[in-house]
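Here is a short note to read alongside the model. The points are numbered so that each can be checked against the structure in turn.

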Amino acid sequence: MAYSEKVMDHFANPRNVGEMLEADGIGEVGNPKCGDIMKMYIKVKDNVITDVKFKTFGCGAAIATSSMATELIKGKTIDEALKLTNKAVMEALDGLPPVKIHCSVLAEQAIKSAIADYYTKKGINPTPIVGEIPCCDHEHGSCNCVE
Amino acid sequence: MEKIIYADNAATTSVSKIALNAMLPFYESQFGNPSSVYLLGQAAKKAIEDAREIIASCLGSNSNEIFFTSCGSESNNWAIKGVAHNLIKKGKNHIITSKFEHHAVLHPIKSLEKEGFSVTYLDVHEDGIIRVAELEQAITDKTALVTVMYANNEIGTIQPIKEIGNICRKHKVLFHTDAVQAVGNIKIDVNDQNIDMLSISAHKFHGPKGVGALYVRRGIALDQLIEGGAQERGRRAGTENVAGIVGMAAALKVACDGMIKREEKLTAMRDKLIENLSKIEYSRLNGHRTKRLAGNVNMSFNGIEGESLLLMLESKGICASSGSACTSGSLDPSHVLLAIGLPHEIAHGSLRLSLSDENSMDDVDYIIDVLPPIVEKLRSMSPLWEKIIAKNK
């Protein structure tokens, strides 16, 4: 697997890895059957993501994209975080092999899922703000993730 | 990286010095085409025939039953398609194989299925071994071929080849075995074991890549796969890979001569790895504990994914492989691990270590030292591990 130096750095030395006690929002995407799960924790103050943590079960790219995504949203407003695309995560890592692009999609979804949970906890319906988050990003029927 | 421990010998092996030295003259002064009439060509021809003798003697066959090919995959394709296309003329349209064959067997069979052949895929059970009673039940008067691998490439399990051969002989059905992982590691006697066809690949026993062979019992008609020349007694066209063939024979001779001693050494290393790695909680050995290749260890570690495990092992200088989807190039983990009944999420966390004579007990000790903390580190960042622990509390 031809990973960039940045991917290998974030894989070997992941930033913001771990759990968070009393998180304001927790998002989890992916499925063990597909071989990757990302869990993201956020702390929010005055609409700003003041802290973020992640845990990931997955390949090198899954761990690296989670790590990079947490770096990219830390200190940002929720609006800014929602604008983070998988493409931006990939570019920040100097690219990913084509078969690993879905890992960056998962990272984007993990952030959205954590923000959705934050809104839900506050009693606000997240769907109009965050949108729908699919169970996984594989083409319909191409993977076995639905039990 | 200071130290490299190569523990992926089921993927490929290094070319031994003996094989390399045997090959070099055929790239330099002895470059002639074996089909040429002058001495330079005839010398190459003789080298090929000498190699054929050596390979035949390692398998207990006659030299005129050995045909050189470009690789194990070609041998498998030729044996399977060659028999199928020949016997369909006699109305035989059924093939029996196992669920965990190499893709070089499964894919040609899939294409035969599209042509109208019916196929029985034998269960390989939790231990990774077919049951001969189930094979016998599957045979019909339409059965053209039974093809069952000698030893599995991922989990190393060894099939009851002699019993399979006996049953096929009893029912007058041809028996092919993909022995790519077994040749050079296990004593083979094609007559004693009633094997009709057998595939070989040189680079699995310290020979070069790009050369293989197919043993075909005398009298078996195979449709041709590669047409266009009279080489290999008119059955497989293409100018012979002289250096490769010579290197394959040299490597196989070394492998067969040293088999017993090497098996002892590899078994001790394998068993120490299995014993120690099994101490990691929520781990499991894949495949039968003892009916497996002497150098094969295949373990799953719950809660982690194989590719990240391999990357971390590489950072410690260890080359290994995994059956995770990320290393299989598809969305599904290895079909071998699914065939022995592993759930997807456990199959994703598998690790294969395959040893050769070039490994030492020091390598084993190093792996035993380095692996558990890596598993622990990956688990500490895995939300799946969190769930496994919570569920089992």
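In which sense do β7(B) and strand β8 (residues 212-216) of chain B pair, and over how many bridges?

1. The model is predicted. In it, β7(B) and β8 of chain B run antiparallel to each other, and five bridges connect them. One pair to look for is I200(B), whose bridge partner in β8(B) is A213(B).

2. β7(B) also pairs with strand β6 (residues 174-178) of chain B, here in the parallel sense and through three bridges. For H176(B), the bridge partner in β7(B) is M197(B).

3. Strand β7 of chain B covers residues 197-201, and five of its five residues are buried, so the strand is largely enclosed by the rest of the structure. In a regular strand, side chains alternate between the two faces of the sheet. In β7(B), M197(B), S199(B) and S201(B) point one way, L198(B) and I200(B) point the other way, and all are buried.

4. G341(B) sits in a loop of chain B, between α12 (335-339) and α13 (344-347). Is G341(B) buried, exposed or partly exposed? A residue needs 20 or more C-beta neighbours within 10 Å to be buried, and 12 or fewer to be exposed. G341(B) has 14 inside 10 Å, so this residue counts as partly exposed. Along the chain, G341(B) and G128(B) are 213 residues apart, yet 9.4 Å separates their C-alpha atoms.

5. Turning to chain A, there are six helices and three strands. Read from the N terminus, their order is α-β-β-β-α-α-α-α-α.

6. How does the radius of gyration of chain A agree with that of a compact globule? For 147 residues, such a globule would have a value near 15 Å; chain A has 14 Å, and therefore agrees. Along the principal axes, the C-alpha atoms of chain A fill a box of roughly 45 × 35 × 25 Å.

7. Of the 147 residues in chain A, 49% are buried. Considering contacts in chain A between residues at least 6 apart in sequence, 61% join residues at least 24 apart.

8. The two chains touch: 24 residues of chain A are in contact with 21 residues of chain B. On the chain A side, the elements giving two or more residues are α1 (5-12), β2 (36-45), β3 (48-57) and α2 (60-73). Sorted by class, this side of chain A has 12 nonpolar, seven polar and five charged residues.

Notes
Residues are numbered from 1 along each chain as its sequence is written. Chains are lettered from A and ligands numbered from 1 in the order in which they are written. This is a predicted model: local features need pLDDT of at least 70, side-chain atom pairs count only at pLDDT 80 or more; totals for chains, interfaces and linings use all residues. Helices (H or I, at least four residues) and strands (E, at least two) are DSSP runs, numbered from the N terminus. The radius of gyration is taken over C-alpha atoms; the globule rule is 2.2 Å times the number of residues to the power 0.38. Two residues are in contact if their C-beta atoms, placed from the backbone, lie within 7 Å. Ala, Val, Leu, Ile, Met, Phe, Trp, Tyr, Cys and Pro count as nonpolar, Asp, Glu, Lys and Arg as charged, and the others, Gly among them, as polar. Two strands pair if DSSP finds at least two bridges between them.
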